[in-house]
Structure formats: structure tokens, C-alpha cells
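Let's take a walk through a protein model together. Keep the structure open beside you as you read.

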Amino acid sequence: MIIRLSVGTAMGLALLSAPALAEPVKGAPELTHNALYKAAKLPKVACKLNKGTSRASTKKYVTKLVGCLNTAWKPAIKDFVPVKVVFKDADDKQSCSTGLDVRGSFSEICTTEIRVRLADDWIKAKSDLTVFTSIARTWGGVVTGQTGIGEAWWGLENGASEPVMNEQNRRYYLQIDCFLAVSAKSVGRQVKDWKPVVKVPDFWKNKFHGKTGNRLYWLDKGYKAGKPGACNTWSASSSKVA
């Protein structure tokens, strides 16, 4: 979890901070013209996932999914570095990105690995909707991290107005949604309705997802295209990232 806020807001919030520039971003080619956008459609990856309702089966599910995502995104990202998943001890509730304790299951990026805490909410669930969505959403951060998008977003001007900077946060997280959908298409996940996916919350209070209609737009766009070039939220109009 990474956020950037305007200077005035950041003074009161130590954990959060947001990017600048309004309208389609200019002067930041790593965001608007990233080489990732020229990548071909992600390959179809055979990824048979069976979650089960035990800790062992859920752990196996997550490990399998991360492996599939490594395979899916390798051709699209120059100098791609495979990401491993590390499972936290059951009593380790602390998030590396927020410093806060999280009661239930969650996944996040810590340095160069995906760390996962498994609790009964994921383990006992018969549906894999939440765990798949959470892992695939976290994976979006792997994409932005290995392509320079995350660094460029973080490096945007900090002195703009709060509304302008909030828009840049939405551009980032809507792109994460879009990458999630591209991942889903590549691993063969059948999705006819994205509304249940949108309802899966982050483990932290993320207010920068954007309007539901726009989230559905980017999810659908990424899924139909199956390639990261469909996810250039940085060149989109403000109305598409509201």
C-alpha cells in the first residue's frame, strides 16, 4: 500500500502521501508512454486453481497463482524478475506497508516479495473470489514496480492541490484494477460480472479506487484486451479516472 497526498494533507497523515498534475499527465513518459504498453497480449497460461478450505490447500492455491502470474507477465516486462510468495506466521498480523495490525487475511508487497497472511476468512471460504482478487490486485504492484511506473508515480510533484493529487492516486489504482483484469484473462479466469470483484475491499482504507463505473470500465477494458497497453490510465481524460 502506497499513497501520496498534497503537502497540506500530508502534514496530518504520516502514513499517507499523493501524486500531482491534473488532466492526462504530461512530462512523465514512464507513466504515459511506458514500454509496457507496447507489449503483446499476455499468453494463455494453464493455471488450474483449487482452493479448498484448509490452510494447506489455500497456501497451495496462492503459491500456484503467483507462479502463474510470474509466467504470464514475464514476456511483457523487460528484465522481469520472478516474484516469490512468503507466508507470514499466523500470529504475525503486522503489515509491512502500513505498520498496522490486520485481523484477517491479506497480501502485500514487501521489498521484492509478496507476503501473505492466511486467516480463517480466506481459508474457510468456499469461493476463491476474495483470495484471487487480493493476490491479483497485489500483483498489479509487482507490475508497476518492475516497469518504473510506481517510481514515476511516486516522483510526481508534491506541491499541487489536493484534488489534483487525488486524481493521480486514482489513476494509479485504476491501473492496478486494469492489470488485475489482464492477469485474470491470461490465467483463464472466466469473469462475466466485475461487480463482485469491485466489492472486495483492500485490507486498508483505500479511498482512491475511483467511481464504481470507472472501475468497471477499466476492469472490462483490461480483460477484453488481455494486454497491458489497455491500461494506460495516465493518458485518459479526467472523467475516466474520477
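**Before you start**

This is a predicted model: local features need pLDDT of at least 70, side-chain atom pairs count only at pLDDT 80 or more, and totals for chains, interfaces and linings use all residues. Residues are numbered from 1 along each chain as its sequence is written, and side-chain values use heavy atoms, with hydrogens and water left out.

**The overall build**

The chain has 9 helices and 3 strands, where helices (H or I, at least four residues) and strands (E, at least two) are DSSP runs, numbered from the N terminus. Starting from the N terminus, the order goes α-α-α-β-β-β-α-α-α-α-α-α. Of the 242 residues in the chain, 54% are buried; buried means under 20% relative accessible area, exposed over 50%, and partly exposed in between (1.4 Å probe, protein chains only).

Contact here means heavy atoms within 4.5 Å. Take the contacts in the chain with a separation of 6 or more: 74% of them are between residues 24 or more positions apart.

How far does the predictor trust all this? Its confidence in each residue is the pLDDT, from 0 to 100. The chain averages 90, and 90% of the residues score at least 70. Over residues 1-21, though, pLDDT stays under 50, and the model has 74 contacts beyond four places in sequence for that stretch. Where pLDDT is low, the predicted coordinates should not be read in detail.

**Two helix contacts**

Now find helix α5 (residues 129-147) and helix α7 (residues 162-186), which pack at an angle of about 115° with their axes 8 Å apart. That makes α5 roughly perpendicular to α7. Axes are lines fitted to C-alpha atoms, for helices over the stretch in contact, and angles run from 0 to 180 degrees between N-to-C directions. Angles under 35 degrees count as roughly parallel, over 145 as roughly antiparallel, 65 to 115 as roughly perpendicular and the rest as oblique.

On the α5 side, the residues include F132, A136, W139 and V143, and on the α7 side they include Y172, I176, F179 and L180. The contact of α5 with α7 has 9 nonpolar, 6 polar and 2 charged residues. For the groups, Ala, Val, Leu, Ile, Met, Phe, Trp, Tyr, Cys and Pro count as nonpolar, Asp, Glu, Lys and Arg as charged, and the others, Gly among them, as polar.

Helix α5 has another contact to look at: α3 and α5 pack at an angle of about 40°, with their axes 11 Å apart. Among the residues involved are Y61, L65 and W73 of α3, and V131, I135 and W139 of α5. This contact of α3 with α5 divides into 11 nonpolar, 1 polar and no charged residues.

Is N214 buried or exposed? N214 is buried, at a relative accessible area of 10%. You'll find N214 in helix α9 (residues 212-225), touching L174, S239, K240, V241 and A242, if you leave out residues up to four places away in sequence.

The other two sit in loops and have a positive phi without being glycine.

Conventions: pLDDT is the predictor's confidence in each residue, from 0 to 100.
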